[in-house]
Each structure stands twice: as C-alpha cells, then as structure tokens.
Amino acid sequence: MPQPLRILKTPALTLAGRNKTYKVGPDPAMKEQWASFMTDFGKIEGQVGFNAYGVCHSFGGGEMDYMCAVEVKDAGQVPGYMYTLTIPSRRTAVFVHEGD
C-alpha cells in the first residue's frame, strides 16, 4: 500500500453529494455513481472549492454507504435530493489517486 503524502489535523467537514448502499468492498456501480454526481459538481449551493470526496460510512450487516461528495458551507442550503454528512475534526492521511 502506498505511504501517505502527509498526515493532517483537519477541522469538521460538512459534505453534500450522492449516497448509495453497497455490499462492503469495491463495486463497478461506484463509477456510475461518480458519473451521476459529476452532473452536480460545481453547481451545488454553498460548495467550497473544487475537491471531490469518496466517503465510505455507515458500515453494518456486510453493507456500507458510499458517498460522492463536495464540501459545503451549510448542509441546510443543499438540494433535497442530496445526502449530507458531517465528519468531525480528525487526523487525515492524504494519498494521491492516479485514476482508474
């Protein structure tokens, strides 16, 4: 496994995007989820910057939720069809993803 470029202490992060439940592990449908999310990218009310996040969360019963998201200023400004998630302040490992 590649080593992280750096480890940061980061503040709480409020995310908005498209969320879907999968069996734990990779799934080819995640690529389609990203394609769908990218139609919203850059147009989400309150979007902060242009970083995109892939977040695995809500693990249980062999399933997990996967979210394609961007940071937003306020979850209350986000369109109703989008899922919001707040991640508390934490230590973060930063890696580079070269694509596919």
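Student: What should I know before I start?

Tutor: The model is predicted, with local features needing pLDDT of at least 70 and side-chain atom pairs pLDDT 80 or more, while totals for chains, interfaces and linings use all residues. Residues are numbered from 1 along each chain as its sequence is written, and side-chain values use heavy atoms, leaving out hydrogens and water.

Student: How much space lies in the largest pocket?

Tutor: Rolling a probe the size of a water molecule over the atoms shows where empty space is left. On a 1 Å grid over the protein atoms alone, a pocket is an open set of points where a 1.4 Å probe fits, with protein on both sides within 12 Å along at least five of seven lines; lining residues have an atom within 4 Å of a point. Here, the largest pocket holds about 570 Å³.

Student: Which residues lie nearest its centre?

Tutor: Of the 17 lining residues, those are Trp34, Tyr53, Gly54, Tyr66 and His97. Strand S3 (47-60) gives the most to this lining, with five residues.

Student: And what is the volume of the second largest pocket?

Tutor: About 270 Å³. Tyr53 turns up in its lining too, with Arg6 and Glu71 also among the residues there.

Student: How many disulfides are there?

Tutor: A disulfide is a covalent bond between the sulfur atoms of two cysteines; the cut-off is a pair of sulfurs within 2.5 Å. This structure has zero. Why? The sulfur of Cys56 is 9.9 Å from its closest cysteine sulfur, in Cys68, so the two are too far apart for a bond.

Terms used
Grid points are joined across faces, edges and corners, and a volume is the space filled by probe spheres set on the points. Helices (H or I, at least four residues) and strands (E, at least two) are DSSP runs, numbered from the N terminus.
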